[in-house]
Amino acid sequence: MPAIVLVGAQWGDEGKGKASDLLGDSVSYVVRYQGGNNAGHTVVIGDEHYALHLLPSGVLSPRVTPVIGNGVAVDPGVLIDEIDGLTERGVSCDRLLISANAHLVMPHHRALDKVTERYLGDARIGTTGRGIGPTYGDKVARVGIRVQDLLDPGILRQKLDLVLREKNQVLTKMYNRRGIDADAVADEYLGYAERLQPHVADTALVLNRALDQGEFVLLEGAQATFLDVDHGTYPFVTSSSPTAGGACAGSGIGPTRISKVIGILKAYTSRVGSGPFPTELLDEQGEWLRKAGGEYGVTTGRPRRTGWFDAVLARYATRVNGITDYFLTKLDVLSGLPKVPVCVAYDVNGTRHDEVPMTQTEFHHAVPVCEYLDGWWEDLSQARDFAALPRNAQNYVRAVENMIGAPLTGIGVGPRRDQTLQLRPLL
Ligand code: GDP
Ligand code: IMO
Ligand code: MG
């Protein structure tokens, strides 16, 4: 039985949490494979709203085993707070498994994330300030500290001393900040170790055995295609690989196990932080989309930048992820527009580009070429099947589907589980 990847097709906040939660009832494991608590995934079940940051959405489905894979950057204090918050609300996290190989976000990572952003000034990335970039930087530089190091106090102390010797020089001499005390950090993290130890596992082994036994595994991406460190709008990206290829590296599941890649696509576009965004609306229409779509960050509360749907981005996402199916979210938000613009190509210095240009310089200068589809006024939030949508909304969906390079399996018309139109079986 297969593994399925769920991936954001734009710049994040497409509604991955909702889509993952919907699939949760049909799978045995839901695995986060990258990112950390820079993510904010909203799941609405009945009247209950859950904002998840590190825990996979599967934690809300009692029959699912939620897994934090080796590719995730784990801030243990944040994770424990999230577990405690859910437990208080009656959601058990006892089943949670955490990879022994996942890297830990340490206090020096959070400190460095903040000071380096300040240092960049106008060139800043607009990170979430959660220490994610420096954690992955240390992972690649081979000075990271992993979840398994929490289980060996001697090793933890040794690694901490070594890494802080350099980081404290940087913090104090370059950025004029206070140094970090290794004793205090070791004590704090060994406290976390006590809480987390029962959850630590060889998750790659567990997942591969589950697949051998015919179980479904859902690999849930955080962030999105255009925030991918390789395929996104570098350097305005996150420091991990949200694209489908990252799901293998970040979970320990081989590519031959993956049978489906589901792309989550919002019926318009949003972005948080800096970087190019061709269809961005800087006028009252952008403000209208932000209000209508409730586009404010789950993690930082920042207002999200907003713009029209961009089919060029979607085609690129289809390609680099090998997307087999799309889930289109927030169609309901577009009600009330006389015409709905859709970007079908870019004009870059007088040349038409039907695909994302090769260089960032060109992408920065991309001006959207739009088609204007007829809008609709009706409220879509009560619709439960495609036929119940107004004719123009149906036409919009079909037109978008023809531009993106993969079929649509589902449409979101509201944040709740039941506000979903299924066009074909999800699994
Ligand atoms: P994620 O990071 O991709 O999981 O997305 P976020 O949770 O950050 O942002 C998506 C927001 O849209 C959340 O507030 C969801 O509850 C909400 N949402 C998801 N799907 C739909 C939909 O189809 N319609 C509407 N109106 N809201 C939705
Ligand atoms: P979800 O999973 C939207 C953005 C930040 C910043 C850039 C780098 O909810 O879709 P980082 O803190 O990762 O080093 O910041 O990436 N970013 C997100 N934007 N949704 C997210 O997650 C994001 N996670 C990071 O705003 O521009
Ligand atoms: Mg989000």
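Predicted model: local features only at pLDDT ≥ 70, side-chain atom pairs only at ≥ 80, totals over all residues.
1. The structure holds 1 cavity of 30 Å³ or more. Here a cavity is a set of points, on a 1 Å grid over the protein atoms alone, where a 1.4 Å probe fits but cannot get out. The largest cavity has a volume of about 30 Å³, counted as the space filled by probe spheres set on the points.

2. Residues are numbered from 1 along each chain as its sequence is written, and side-chain values use heavy atoms, leaving out hydrogens and water.

3. The domain assignment places domain 2 at 103-196 and domain 3 at 267-317 + 330-405 + 412-422. Their centres, taken over C-alpha atoms, are 38 Å apart. Domain 2 gives 6 residues to the contact and domain 3 gives 5, with contact meaning heavy atoms within 4.5 Å.

4. Between them, domain 2 and domain 3 bury about 370 Å² (accessible area, 1.4 Å probe, lost on being put together and summed over both). Carbon and sulfur atoms carry 38% of that area. On the domain 2 side, G126, T128 and R130 lose the most area, together 68% of what that side buries.

Terms used. Chains lettered and ligands numbered in written order. Domains from an automatic or database assignment. Buried area = accessible area lost by both parts, 1.4 Å probe. 1 Å grid on protein atoms, 1.4 Å probe; cavity = no way out; pocket = protein on both sides within 12 Å on 5 of 7 lines; lining within 4 Å.
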